[in-house]
Amino acid sequence: MISKQSAAAAVELTIDGHTVRVPEGTSIWDAAREAGIEIPALCHDPGLEPAGVCRICVVDVGERVLAASCVRQCSEGMTVETDSDAVTLQRRQLTRLLLSEHPSPCQQQQRTGDCALEQLGTGFGLLDSSHPTAVSADAPQRPQDHSSAVIAVDHQACILCDRCIRACNDIQSNDVIGRTGKGVTARIAFDFDLPMGQSSCVSCGECAAACPTGALLGHTMTLPVVDRDQMQSVDTVCPYCGVGCAITAWTHQGTIVEVEGRDSPVNQGRLCVKGRYGWDYTLHPDRLKTPLIRRESAYPKGPLSPEVIDSLPGKRNKPGGLVDLDTVMPAFREATWEEAFELIGRKLTSIRDTHGSNSLAGFGSAKGSNEEAYLFQRFMRAGLGTNNVDHCTRLCHASSVAALMETIGSGAVTNVFADVARADVALITGSNTTENHPVAATFIKQAVKAGTELIVVDVRRNQIADFAKHFAQIRPGTDVAFYNSLLHVLCRDGLLDRNYIDSHTEGFDEIESLVAADYSPEQAEEICGVPAEEIEAIAATISRATPPGGGGSMIVFWGMGISQHVTGTDNARCLISLCLATGNVGRPGTGLHPLRGQNNVQGASDSGLIPMVFPDYQSVADDEIRQKFNRAWGRELDAQPGLTVVEIMKGALEGSIRGMYIMGENPFISDPNANKVRRALSELEFLVIQDIFLTETAEFADVILPASSYFEKIGTYTNTDRRVQLGRPVLEPPGDARQDWEILCEVSRRVGLESDYQSVSDVFDEFTSLTSNYQGLTHQLLGDTGRLWPCADPETDDGTQILFGDGFPTENGRGRFVPCAYLPADELPDDEFPFVLNTGRVLEHWHTGSMTRRSKPLNALQPEPFVAMHPDDLQTVGAREGQRLRVTSRRGSIELKARADRGLQRGSIFIPFHFREAAVNVLTNDALDPHGKIPEYKVCAVKVTPVISTG
Ligand code: SF4
Ligand code: SF4
């Protein structure tokens, strides 16, 4: 975390005869470590606050009793002995005592040979590693707890060092673990001494990572049983969310055995449940291993019969909600790579030459690397001649980027999330941060504990609201009214940063008039449902953090609760206006941070997977820029911006789009109005899918190419902070599956585009040479912790953390206020469809579930779809928790189990979008934001009825 500490005075002492000089306040343990002297400890870990519980780390400081070095601070002139006879004797006696109640070998010692207590015992000659030692007969017998899907608890192996308690409470701020009992009955407890699996534990595994013995051990660290020194380790990055946590993957004989958090500026070793336990999808037997071509007998593909269209996606499920290969695979035959490439080249060039380049379109992937994204858009633009290339950024933050580009001239976050530690105020809006960006949330929660005041604005009360000073529960789709009202109060009371407005912005007068006239707190209360007094109180908190003339600081985080609306761009414009008006951009602790969803959605956008821009947001319509790319790729490129995701699907439905190439996306489940998407996919003349699993979308393919998973390839990924990190290969792809970059080079050649790169780093070098923000970065210079773009000197510099301290990349260097009037959502509830549907993610799953639903621990934690409703609404519709409900919109209907949730306001329901057997996008509205072209996933009208059992 970024430190507010000022430089401390130094003290000089002697440790084992060495003179050591350290800042005042340094512990003896840290000072010794600095001097290369290791002091053993069980309860201490450098990442945790010291507790001095186990006293294994005792040292002799010349006093009557030995001192615990982890908690004892160095003092001027102190003389320390770390291995005197008295010290050794005490450590040995303590170890003997602990071992008398510890099963040897414990489960950790059995698996990896690194139980810290047993290693100490062996060192003191107290254990013979070849002979198990029974727990002494008069020691208290303690139970095991296997209720958690990811962690096995063995209370007998616990030494009550409290490391798990500090990891859970201080690092992750989950506050699940404490102690229960006294004396010999004392043991750790989860919540009110519940079994771990029934407690509020979110399975992040921080406690197991901190545990020095086998008391808490990850279930999935299973086979093979092997000593850690026989494993190989690879430093890479988590494949899931935009936080981009650094990980180390441990392997043995071609299998991942364990993943642990790695120290980096991003996550400081922390992980969430997906990063720590969700890697086994890559080993799943459903992996595609050979190219597939649709059999002649499986044509025509469509349009599908009305019976099929009306059937729910789940009708052909096997248990667990995965594609049923037994029913889908007969439509395909195995093929050689040459057959597949020949067919793809022939069909795509034929469609291009007969119907024109713009009858083709492609979706790239925000899960792939920057190099793959770059090659994909090059293939579409230079190989097939069309700018019809897009990806899932269109479905998450396209409106945020549109607003940022328009107002401050850049779509990038202006500051990293960890800088929340320096913020006086943090505003989180439209983001279920603890579930969608769990590790970023840990930094925010820690900042709150250290004094940052948190404001949470959302339609649904999520866990992060428990840390908030203010929680404003707005009505769905009323964000503009709420934020205009905050600005109204700040303007009315003269609580703005006028110096900043005058020197760094333009267009303030217009927005001031708008909010003064129509957005008093009382007027806004009518629209958004937040009491006027609460709006006044929130404005007061913001004003205290941003006093006129500057000085305080506020950082703003937002998620898809802001962006996925027909007014998504307006919503983001309002947040930008709030920061500009209070001078909260370009300084420590300030900034605009739309939290990016997928691991590489920032990088895929940077790399040009956007229909209007080449890499680095360079407009396809700009002649000079286009000439540059013409020269680089040896083609005359199209000046016409291409179609976006939903427009492409519309084109497929209407016949103007005839062929598609989809790499690593699953639009059948992820796009709005799924029945329309299904018809569009079935209308396509030719569809190529490049993926690691046979997804729901692949069921409509003509050719399916088996690709490599994240853990099987090298490439760069850019996280939500703009940090470019190197992902490294851990495993070999299965069967005949190939590297994505090699596949893209070959299909490019088959449509006539030279693509003779020697390596992935060659591709990266070409990409960076065509940008200004990635200039100078190379695979080699990224090292283990990556670089933030832009980076003036990647040899020596970590990159630019805070952007726009001295102006914006707009024509006149000023940020622009764009006034927005409140407009209602596209489809409001009525008598027939009285509920508002909100969609989103859950902690354990990721997007269309193709990876996480093939991860045993993740699927065990969250195995089935659900609809969350306020308990009073459940009663109103005549249902109980756990009962099956039918949810129906104007576009379709799904069935799933009810879950009571008091965090929802009356009249709103929530359904996660990961589950094909209750695919919520059957219900959603495909109305678009006119600027970002993002669909309104967050509001549509539905009705809810209990399913009457006919059995
Ligand atoms: S897994 Fe995470 S949330 Fe659960 S008890 Fe351990 S540290 Fe706490
Ligand atoms: S927070 Fe995101 S990047 Fe970090 S471990 Fe979890 S899913 Fe992976």
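By class, how many nonpolar, polar and charged residues does the shell around ligand 1 have?

Modeller: The shell around ligand 1 has 8 nonpolar, 3 polar and 1 charged residues. Nonpolar here covers Ala, Val, Leu, Ile, Met, Phe, Trp, Tyr, Cys and Pro; charged covers Asp, Glu, Lys and Arg; the others, Gly among them, are polar. A residue joins a shell if one of its heavy atoms lies within 4 Å of the molecule. Around ligand 1 these include Cys-168, Cys-201, Cys-204 and Cys-207. Ile-151, Asn-174, Ile-177 and Met-196 also belong to this shell, as do Val-202, Ser-203, Gly-205 and Glu-206.

A word on the ground rules. This is a predicted model, where local features need pLDDT of at least 70 and side-chain atom pairs count only at pLDDT 80 or more, while totals for chains, interfaces and linings use all residues. Residues are numbered from 1 along each chain as its sequence is written, chains are lettered from A and ligands numbered from 1 in the order written, and side-chain values use heavy atoms, leaving out hydrogens and water.

pLDDT is the predictor's confidence in each residue, from 0 to 100. The protein averages 92, and 95% of the residues score at least 70. One is residues 1-6, with 11 contacts beyond four places in sequence. Another is residues 302-319, with 32 such contacts. Contact means heavy atoms within 4.5 Å.

Now ligand 2. Its shell divides into 8 nonpolar, 2 polar and 1 charged residues. Among them are Cys-238, Cys-241, Cys-245 and Cys-272. Helices α7 (273-277) and α15 (438-449) each give two or more residues. Helices (H or I, at least four residues) and strands (E, at least two) are DSSP runs, numbered from the N terminus.

Further out is a sheet. Seven strands form an open, mixed sheet in the order β17-β14-β30-β29-β28-β18-β19. β17 (332-334) and β19 (389-390) are at the edges with a single partner strand each, so one side of each lacks a neighbour in the sheet. Strands pair if DSSP finds at least two bridges between them. β29 (residues 686-691) and β30 (residues 703-706) run parallel, joined by 4 bridges. Val-688 stands opposite Val-703 in β30.

Finally, Asn-925 sits in the loop between β39 (908-912) and β40 (940-946). Its relative accessible area is 6%. Asn-925 is therefore buried, a term for under 20% (1.4 Å probe, protein chains only), with exposed over 50% and partly exposed in between. Asn-925 touches Asp-826, Glu-827 and Arg-891, among others.
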